[in-house]
Amino acid sequence: MGSWQARPDHQRHYEELAQKTGFSTEQIKNLHKRFQQLSGNQETISRENLENIPALANNPIKKQIIDAFFDKRNQQDGESGCLEEITLGHFLMVMSHFRPPQHKSSEDERHAIRRQKLRFLFNMHDTDSDGTITLAEYRKVVEELLSKSGAIGHEAAKIIADAAMLEVASTNVPHMAPDEFYEGITFEHFEQILNGLEMESRMHIRFLDVATTTMRCGKGSSSSTY
C-alpha cells in the first residue's frame, strides 16, 4: 500500500480505505492532510516523526502510544510483530480504534467496535504480545503514569500497581490457593474489569491535533480539527 499515492485515482483509494476503516472519504482526506504534516509529505511515517510531536513530549505513556501505531496487532489482519514505518493505510487503521460508532449501528456492531477498542487498549499494556498483561507490564505502565507526573514517587507507584494487580487477581481468580501464582490479566479478564466503562468519551488522541471524539461517521462533514 506504500506506493498508492503515486496513482492518479486518489478517490478510488480513499473509497477502499473507507470500506476498511469505517471513516468517510471526507474524513480520510482530512486525516491524510494530518498524515502528510506528520510525515513531511512522505509516503510513510517513522517513529521519529511521532516522537517529535511537541504535545506528546511530556506524555507519561509516550512510548506505549507510539508503539501502538507500529504494532501489527492493531491492523486487525491477524499478524503480530512491529512495523518499521507506517503508511496512510496503517495510520488510518490505528485511528479507526478511536472512531465512535454510527448512530445507526446495530447492537452487534456497537459490541464489535467496543471490543476492538478494548483489544487496542489491551495491546498497549501487553507489550510482549503473549496474550497476558503480567504484573511487570502492568507495574511499568502504572509507574510511568504516576511517577512521571511528579505527584508520587517511584516506590509508591510500584506499591499501588502491586496492590491493584492483587485486587484484579482476587476478583478474577477468587479461589486461588495461597501458593498459586497469578500469571496476569487475560483479554477476557480485561473485558470484565472494564465492563460498563463508557469508551467513546475516553478514547481520543489530542496529541495528534485530531478531535476523534467528535468525528462523525457517515454522511456529513468531519468535525476534526487540524
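Modeller: Buried means under 20% relative accessible area, exposed over 50%, and partly exposed in between (1.4 Å probe, protein chains only). What you see above is a predicted model, where local features need pLDDT of at least 70, side-chain atom pairs count only at pLDDT 80 or more, and totals for chains, interfaces and linings use all residues. Residues are numbered from 1 along each chain as its sequence is written, and side-chain values use heavy atoms, with hydrogens and water left out.

Colleague: OK, why is E16 called partly exposed?

Modeller: Its relative accessible area is 41%, so E16 falls between the 20% and 50% cut-offs. R12, at 39%, is partly exposed too.

Colleague: And what makes R12 and E16 a salt bridge?

Modeller: The rule asks for a side-chain nitrogen of Lys or Arg within 4 Å of a carboxyl oxygen of Asp or Glu. The closest N and O atoms of R12 and E16 are 3.3 Å apart, so the pair passes. Both sit in helix α1 (residues 10-21), 4 residues apart, about one turn of the helix. Helices here are DSSP runs (H or I, at least four residues), strands likewise (E, at least two), numbered from the N terminus.

Colleague: How many salt bridges does that rule give?

Modeller: The count is 7.

Colleague: What about D126 and R73: buried or exposed?

Modeller: Both are buried. Their side chains meet in a salt bridge at 3.3 Å, N to O. This one links distant parts of the chain, 53 residues apart: D126 is in the loop between α6 (107-125) and β1 (132-133), R73 in the loop between α4 and α5 (88-95).

Colleague: Which residues do the salt bridges with shared partners join into one network?

Modeller: R47, K63 and D67.

Colleague: Last one: which residues make α1 and α5 a contact?

Modeller: L17, K20 and T21 in α1 meet L88, G89, L92 and M93 in α5, contact being heavy atoms within 4.5 Å. By class, this contact has 4 nonpolar, 2 polar and 1 charged residues. Leu and Met count as nonpolar, Lys as charged, and Gly as polar.
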